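Q: I am new to this structure and would like to learn how its features are read, one at a time. Could you take me through them, giving the general idea and then the case at hand?

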Amino acid sequence: MPAPGENLRINPDRLWDSLMEMAKIGPGVAGGNNRQTLTDADAEGRALFQSWCEAAGMTMGVDTMGNMFATRAGEDPDALPVYMGSHLDTQPTGGKYDGVLGVLGALEAVRSMNDLGIKTKHPIVVTNWTNEEGTRFAPAMLASGVFAGVHTQDWAYGKTDAEGNTFGDELKRIGWVGDETVGARKMHAMFELHIEQGPILEAEGKDIGVVTHGQGLSWTQVTITGKDSHTGSTPMPMRKNAGLGMARVLELVDEIAWSHKPDAVGAAGHIDVYPNSRNVIPGKVVFTVDFRSPDLAVIEDMEARLKTGAREICDEMGLSVEFEKSGGFDPVTFDPACVSAVRNAAERLGYSHRDIISGAGHDACWINQVAPTAMIMCPCVDGLSHNEAEEISKDWAAAGTDVLFHAALETAEIVS
């Protein structure tokens, strides 16, 4: 099977113009985007994406989770499609590129195939996965999880936002309940282009991250209970300070993560303190410990050491502690052939590259359970993401999309 010629490139100006046009929908307050899933802004972004896909000669299919699939026909009607895509929904204070680059980069790859008169044996499908961010309806990667059979559709439809609206009702309200059975589609392979959301590629001056693995994730909700009491009149030896217990446990979390350097990480991002009053010693704290590693044995070790160590800390302080596994997924090893296609493309095009592990969850992590999958990453300034100041360069976007273009073509097999 011949590889795509190194002279084949996407149109970087058209890609950038599309990114900037999509960014006008659901603008944020500080230059980024607030286009949360199943909002009116999401519906508007979906409609624009559909119009662009149809203008490029693709046909649009939508499943019952609202996942969008734009298909470019292949020459072999029996060949399974090669999928490319990511997500168009954003964080409340999101950037213009997280997810969006992967969708519009895939669209640009198809537009470039059209420009160059390229035909492929396998059909090409550009995908927008619903509710990747999980910021309005938890958990993240919700619709790709249903597609992969990780979650049931009924469970997903029943998820609620902060106002009590359900996912199913909001999907219907914005008019994006499709007629395809979710998960019925079969894939030859899938590629997802994404900004790194970390600082490694920029710091090392690399154009492309060849994503070999995705970190596994473990969320453990920890509840420490002591006794509310007056901060001024309670003697130090008589205090049962849940806040101090949490502080010591969080030091333990940091120590555990460091012990598995360089790939393991750990912290608590969500913390509630009760009663959260200036002159009351906290009687209860609830916080979620987030451990991540590409090695399942490491995650299991970190979970076990957290429970043992936290119990010892709390016993010594006269506090009680409870643990609840509130989320997580196992590490992901992406398909070697798809990873090779990405690496081959970077080398063929002359882009500097390195293997990298994704520290964040992505739709590709779930799809990898049902189809051969790989990811491509491009740098982002200072590694900043989930922030309106998120930024990439036009050259980085073009390089990542060029590699996506070539990897998809190699896998879909050029016939003319």
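**Reading one residue, then its surroundings**

A: Leaving aside neighbours within four places in sequence, Asp402 is in contact with Arg9, Ile10, Leu349 and Tyr351, where contact means heavy atoms within 4.5 Å. This is a predicted model, in which local features need pLDDT of at least 70 and side-chain atom pairs count only at pLDDT 80 or more, while totals for chains, interfaces and linings use all residues. Residues are numbered from 1 along each chain as its sequence is written, and side-chain values use heavy atoms, with hydrogens and water left out.

Q: Where does Asp402 lie, and why does Asp402 count as buried?

A: Buried means under 20% relative accessible area, exposed means over 50%, and partly exposed lies in between, with a 1.4 Å probe and protein chains only. Asp402 lies in helix H12, residues 394-412, and counts as buried because its relative accessibility is 4%. Helices (H or I, at least four residues) and strands (E, at least two) are DSSP runs, numbered from the N terminus.

Q: How should I read a helix such as H2, and which of its residues are buried?

A: An α-helix has 3.6 residues a turn, so residues three or four places apart point the same way. Helix H2 covers residues 40-55, and its 16 residues reach 23 Å from the first C-alpha to the last, close to the 22 Å expected at 1.5 Å a residue; the expected span is 1.5 Å times one less than the number of residues. In H2, the buried residues are Ala41, Asp42, Ala43, Gly45, Arg46, Phe49, Trp52 and Cys53, and what covers them includes helix H1 (12-23), strand S1 (59-62) and helix H3 (100-116).

Q: What does UniProt list for "binding site", and how is His87 placed?

A: UniProt positions are given in the numbering used here, feature names are shortened, and annotations may be inferred rather than shown by experiment. For "binding site", the unreviewed UniProt entry lists His87, Asp98 and His194. Although spread over 108 residues of sequence, they cluster in space, with a largest C-alpha distance of 9.7 Å. His87 is in the loop between strand S3 (82-86) and H3, and counts as buried because its relative accessibility is 0%. Not counting residues up to four places away in sequence, His87 touches several residues, among them Asp98, His194 and Asp363.

Q: How many residues line the largest pocket, and what classes are they?

A: The largest pocket is lined by 43 residues, of which Leu217, Arg292, Gly359, Ala360 and Gly361 lie nearest its centre. By class, the lining has 18 nonpolar, 18 polar and seven charged residues, where Ala, Val, Leu, Ile, Met, Phe, Trp, Tyr, Cys and Pro count as nonpolar, Asp, Glu, Lys and Arg as charged, and the others, Gly among them, as polar. A pocket is an open set of points on a 1 Å grid over the protein atoms alone, where a 1.4 Å probe fits, with protein on both sides within 12 Å along at least five of seven lines, and lining residues have an atom within 4 Å of a point.
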